[in-house]
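Here are a few friendly notes to read alongside the model. Have the structure open as you go through the points.

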Amino acid sequence: MTKYISVTWTEGISEQETNVLTHTVDSVLKWLYLRRPSVLHHPPIMVHLFGNWVIPELVSTDVYWGTQWYIDTSYNDALQRVIGPVFLDLTRQEPWQQLDPHFDMALITQDLTDLTVRVAELQPDHYALGTSVPGSTAVMSVHRIRSLADEHVRELALSRLVRHHLGHVLGLPRPTRDHKTTRMGLETHCTNRCVMRHTDTVEELAKLALEESEMGWHFCEQCTRELHSVVARYAFNWS
Ligand SMILES: [Zn+2]
Ligand SMILES: [Zn+2]
């Protein structure tokens, strides 16, 4: 069975941002497949672009009727942020996740926090660029990235954010890896020169994005090995 990555984005995400999102995910997968020619004809992990979707028949039921519903339900007016843990829970509990287990990635225009409401209230200045449940689901925001002045840097930063969270969605770095990692809440991070390093702020994101743009491939050797084994695992399941 092919495993899908379902990719959605909210209203207001520009065509250019959509292109960076889809191109980044595609190019990571393609790079991996080109190094394992046996899977090229039947890619074990594929992308489903749903974009900003709505199911008119469900609007009257008031739940899971479209991308905007996830935002409306997880947005906190006082904090002016989407509450990441709520958004991720809604995504993981959606009915079609049970029907057909898949990975999820969402790009949103709203500001985001990776804290629960109660903790976020104590740290009103804190924000997250993205947050994820490793091996499953990620939500990323363009809100802070849009404050970067340079268009090229904005593009690199968004691409870096997407690549990082694609890594998390595919389960990187493995929690069982006992070296070159640090723990941050649910997420484990790589400490090599690697896209799986953590970034707290948009300035840090821009800095690492520029630094890594000189690397042809953005994952370190250890993370790359883990990516290959994810592909191998799903390729094996397929046959
Ligand atoms: Zn991370
Ligand atoms: Zn790494």
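**Notes on a predicted model**

1. Let's start with Gly 185, which sits in the loop joining strand S9 (181-184) and strand S10 (187-190); strands are DSSP runs of E with at least two residues, helices runs of H or I with at least four, numbered from the N terminus. Gly 185 is exposed, having 10 other C-beta atoms within 10 Å (12 or fewer means exposed, 20 or more buried, in between partly exposed, with C-beta atoms placed from the backbone).

2. A word on conventions: residues are numbered from 1 along each chain as its sequence is written, and chains are lettered from A and ligands numbered from 1 in the order written. This is a predicted model, so local features need pLDDT of at least 70 and side-chain atom pairs count only at pLDDT 80 or more, while totals for chains, interfaces and linings use all residues.

3. Next, helix H3 (residues 84-92): its buried residues are Gly 84, Pro 85, Phe 87, Leu 88 and Thr 91. They lie on the same side of H3, because they cover an arc of only 160° around the axis (taken from the directions from the helix axis to the C-beta atoms).

4. Those buried residues of H3 pack against several elements, including helix H2 (67-74), strand S4 (81-83) and strand S5 (103-108). Contact here means C-beta atoms, placed from the backbone, within 7 Å.

Technical notes: Two residues are in contact if their C-beta atoms, placed from the backbone, lie within 7 Å.
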